[in-house]
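Me: I'd like to learn how to read a helical protein model, one feature at a time. Can you walk me through it?

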Amino acid sequence: MLEIDISSPEPVYLQIISQIGAAISEKQVVPHDKLPSIRQLASDLEVNPNTVAKAYQILEEFDVIKTKGRAGSIVQINAQEAFNNWLTKSTKVELNKVWQNLKAMCPNNKTSLQIWKSAIKEL
């Protein structure tokens with residue numbers, strides 16, 4: 001189901017989150033589907049179980065999945081909306097980092113804003 005690219009600059013736990021989110025979006029997994037256990041997925045992906053646990057913890061915090069102890073983790077009914085909420089929050093965090101870096105490099109607020117708008121427009 002998931003594949004990890006160890007050469008990617010994206011952390012492994014984020015690759016897991018984004019691929020589970022993509023599987024939800026593409027209806028490869030649907031509400032009430034059971035996900036592999038942390039140990040099983042870590043073994044399949046050849047990664048540290050703590051990495052998978054971190055990804056599952058974040059997905060659970062945003063109500064994408066529900067972990068039921070030894071019974072494992074299942075996809076929540078509102079998983080797509082919940083995943084979109086996580087994406088929105090993550091995007092805001094990353095954009096804020098870029099904005100703060102821009103302001104640090106260009107302290108003139110008017111110029112910073114012009115550069116920001118120009119960059120966003122080009123995207």
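Predicted model: local features only at pLDDT ≥ 70, side-chain atom pairs only at ≥ 80, totals over all residues.

Me: Let's start with helix pairs. At what angle do α4 and α5 pack, and how far apart are their axes?
Reply: For any pair, take the angle and the axis distance together. Here α4 covers residues 79-105 and α5 covers residues 109-122. They pack at an angle of about 140°, and their axes are 10 Å apart.

Me: What do I call that arrangement of α4 and α5?
Reply: The label follows from the angle, and over 145 degrees would be roughly antiparallel. The α4 and α5 pair is therefore oblique. Handedness is a separate question, and the crossing of α4 and α5 is right-handed.

Me: Which residues in α4 and α5 meet?
Reply: On the α4 side you'll find Leu 95, Val 98, Trp 99, Leu 102 and Lys 103. Their partners in α5 are Ser 112, Leu 113, Ile 115 and Trp 116.

Me: Which residues bring α1 and α4 into contact?
Reply: From α1 come Leu 14, Ile 17, Ser 18, Gly 21, Ile 24 and Ser 25. In α4 they meet Ala 79, Gln 80, Phe 83 and Trp 86. Sorted by type, the residues of the α1 and α4 contact are six nonpolar, four polar and no charged.

Me: Tell me about Trp 86. What surrounds Trp 86 beyond its sequence neighbours?
Reply: Trp 86 is found in helix α4 and counts as buried, with 10% relative accessibility. Leaving aside neighbours within four places in sequence, Trp 86 is in contact with Leu 14, Ile 17, Ile 58 and Phe 62. Look at Ile 58 in particular: Trp 86 and Ile 58 are 28 residues apart in sequence, yet 8.8 Å apart in space, C-alpha to C-alpha.

Me: Next, the core. How many residues are in the largest nonpolar core, and which have the most contacts inside it?
Reply: Think of a core as buried nonpolar residues linked through their side chains. The largest one here has 25 residues, and Ile 16, Ile 20 and Val 64 have the most contacts inside it. The helices α1 (12-25), α2 (38-45), α3 (49-61) and α4 each supply at least two residues of this core.

Me: What does Val 64 touch?
Reply: Skipping its neighbours within four places in sequence, Val 64 contacts Ile 24, Leu 59, Ile 74, Val 75, Gln 76, Ala 79, Ala 82 and Phe 83.

Me: What about glutamines? Are Gln 15 and Gln 57 buried, or partly exposed?
Reply: Gln 15 sits in helix α1 and counts as buried at 4% relative accessibility. Leaving out neighbours within four places in sequence, Gln 15 is in contact with Glu 3, Ile 4, Asp 5, Ser 8 and Glu 10. Gln 57, found in helix α3, counts as partly exposed at 47%.

Me: Last one: backbone angles. Where do His 32 and Asp 63 lie, and what are their phi values?
Reply: His 32 is not a glycine, but it has a positive phi of about 80°. His 32 lies in the loop between α1 and β1 (34-35) and counts as exposed at 56% relative accessibility. Asp 63 also has a positive phi, near 65°. Asp 63 lies in the loop between α3 and β2 (65-67), and its 41% relative accessibility makes it partly exposed.

Key:
Residues numbered from 1 in each chain as written. Heavy atoms only, no water. Axes fitted to C-alpha atoms, helices over the stretch in contact; angles between N-to-C directions. Helix = DSSP H or I, 4+ residues; strand = E, 2+ residues; numbered from the N terminus. Parallel < 35°, antiparallel > 145°, perpendicular 65-115°, else oblique. Left-handed = near helix turned anticlockwise from the far one by under 90°. Contact = heavy atoms within 4.5 Å. Core = buried A, V, L, I, M, F, W, Y, C linked by side-chain atoms within 4.5 Å. Buried < 20%, exposed > 50% of the residue type's maximum accessible area, 1.4 Å probe, protein only. Nonpolar A, V, L, I, M, F, W, Y, C, P; charged D, E, K, R; others polar.
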